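Trainee: I would like to learn how to read a model like this one, feature by feature. Can we take the side chains, the strands and the backbone in turn?

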Amino acid sequence: MMKRILFLFSILFVTVLSVQAQPKISFDREKQDLGYLLWRNPTTVTYAFTNTGDKPLVISNVTASCGCVSVDWTKQPIPAGGKGTVSAVFDAEAIGHFYKEVGVYCNASPMPVYLEFNGEVTADAKNYSFTHPYGFGSVRLNQQEIEFENVNKGDRPEFTILVANTSSKAYTPVLMHLPPYLSAKATPEVLGRGKNGKIVVTLDTDKLPKLGITRTSVYLSRFLGDKVGAENEIPVSIALLPDFSDMTEQQKNNPPQLSLSATQLEFTGLKPTQKKSQNIVITNTGKSDLEIQDMQVNNIALAVSLKKTVLKPGESTKMKITVLAENLPRVKRAPRVLMLTNDPAKPSVTIRVKAELQ
């Protein structure tokens with residue numbers, strides 16, 4: 001009888017272990033709004049993911065919702081804690097609004113994980129205000145800031161800026177005051193009257209001065225001999241994630257765990273001189289100390305105060321976010337707070353703020 005009980009217990013134990021030990025695919029985002037795209041200018045959409053499980057992750061197939069999308073993905077097994085990408089190239093052959101899905105089949109789920117992207121294709125080559133909403137003199141861009149979020153040491157990610165020349169002369173796109181860790185290449189090198197192209201900015205993470213958040217600015221040359229100033233400034237934000245490769249088994253089995261009461265706040269109906277605050281509760285639901293290692297507030301319309309940056313297991317603190325309404329008309333970017341922590345599952349968290357004047 002005792003042998004039978006021990007046998008049944010061993011089967012149950014092995015079953016429990018097999019259930020617990022599983023790969024898990026966690027995407028940084030599953031939906032993307034691409035905004036306006038130029039007709040017949042193919043666009044690549046990339047989804048980064050992490051295997052947050054404890055067994056190797058294998059993607060067996062990726063499918064697209066139509067023939068206008070081609071797909072690619074990381075095909076080798078992804079170990080626990082490893083990262084990979086799924087990419088989709090949209091051909092932009094049909095003018096108008098679009099919504100597309102990509103299905104990811106993997107050993108982490110019996111059902112496919114669906115990734116989405118949407119936007120609108122336009123053929124209006126004369127009025128670039130739709131596809132390139134940001135004006136720098138007679139030069140128009142589709143981006144007014146450069147962001148490299150959730151990058152790791154050794155990565156060389158790229159950020160693409162679409163550029164259009166609305167002047168009557170040929171224009172050479174150049175980014176000035178590039179730091180050593182950034183490089184830029186314009187294609188084509190010269191834009192004729194009414195023509196458009198792109199600038200690809202590449203980040204060399206090995207040359208970054210530190211882990212965490214790095215902020216700087218580059219400047220778009222609008223004409224030959226242009227100088228730098230607020231009118232042609234392009235802010236750059238880089239979030240180089242903490243390195244978890246040296247974690248011991250004990251640390252892996254007892255990680256800190258970040259929990260937020262909210263990741264999005266709304267401030268509506270603000271008076272022009274009003275200051276209004278809301279609190280977000282930060283809790284460590286893990287088994288070791290949670291460290292808030294770095295934080296970035298992306299514009300002058302926000303003020304943030306945090307009482308504690310190290311939380312013991314089970315401990316909470318409040319983050320106070322204040323909107324300064326008088327500064328809202330002066331900012332270009334949507335307000336947000338970027339926070340880096342030592343939680344291996346959530347090393348980077350973005351708190352987005354929607355703020356509107358009356």
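Trainee: Which backbone nitrogen does the side chain of Thr-341 reach?

Mentor: First the general idea: a polar contact is a pair of N or O atoms within 3.5 Å; within protein, one must be able to donate a hydrogen and the other to accept it, and residues adjacent in sequence count only if both atoms are side-chain atoms. Here the side chain of Thr-341 reaches the backbone nitrogen of Asp-343 at 3.1 Å. A polar atom of that Thr-341 side chain also lies 2.9 Å from the backbone oxygen of Lys-346.

Trainee: What kind of model is this, and how are its residues numbered?

Mentor: It is a predicted model, in which local features need pLDDT of at least 70, side-chain atom pairs count only at pLDDT 80 or more, and totals for chains, interfaces and linings use all residues. Residues are numbered from 1 along each chain as its sequence is written, and side-chain values use heavy atoms, with hydrogens and water left out.

Trainee: What is the mean pLDDT of the chain?

Mentor: pLDDT is the predictor's confidence in each residue, from 0 to 100. The chain has a mean of 88, and 93% of its residues reach 70 or more.

Trainee: Where does Thr-205 lie?

Mentor: Thr-205 lies in the loop between β15 and β16 (212-221). Its relative accessibility is 0%, so Thr-205 counts as buried. A polar atom of the Thr-205 side chain lies 2.7 Å from the backbone oxygen of Asp-155. Not counting residues up to four places away in sequence, Thr-205 touches Asp-155, Pro-157 and Leu-240, among others.

Trainee: How many bridges join β7 and β8?

Mentor: Two strands pair if DSSP finds at least two bridges between them. β7 (residues 96-106) and β8 (residues 113-122) pair in the antiparallel sense over 9 bridges. Val-104 has Val-113 of β8 as its bridge partner. These two strands form a hairpin with 6 residues between them. β7 also runs antiparallel to β4 (residues 59-64), with 5 bridges joining them; there, Asn-61 has Tyr-105 of β7 as its bridge partner.

Trainee: In what order do the strands of the open sheet run?

Mentor: The order is β9-β10-β12-β15-β14, 5 strands with antiparallel pairing. β9 (134-136) and β14 (182-187) stand at the edges, each with a single partner strand, so one side of each is left without a neighbour in the sheet. Inside this order, 3 bridges join β10 (residues 139-141) to β12 (residues 158-165), and Val-139 has Asn-165 of β12 as its bridge partner.

Trainee: Which cysteines form a disulfide?

Mentor: A disulfide is a covalent bond between the sulfur atoms of two cysteines. The rule used here is a pair of cysteine sulfur atoms within 2.5 Å, and by it the count comes to 1. Cys-66 and Cys-68 form it, with their sulfur atoms 2.2 Å apart. The link of Cys-66 and Cys-68 is left-handed, with -40° about the S-S bond. Cys-66 is partly exposed at 24%, whereas Cys-68 is buried at 17%.

Trainee: Which peptide bond is cis, and which phi values are positive?

Mentor: Most residues other than glycine have a negative phi, and most peptide bonds are trans. The bond from Thr-187 to Pro-188 is cis, with omega near -10°, and Pro-188 is found in the loop between β14 and β15 (196-203). Arg-40 has a positive phi near 60° and lies in the loop between β2 (31-38) and β3 (43-51). Asn-150 also has a positive phi, of about 60°, but lies in strand β11 (residues 146-151).

Key: Helices (H or I, at least four residues) and strands (E, at least two) are DSSP runs, numbered from the N terminus. Buried means under 20% relative accessible area, exposed over 50%, partly exposed in between (1.4 Å probe, protein chains only). Contact means heavy atoms within 4.5 Å.
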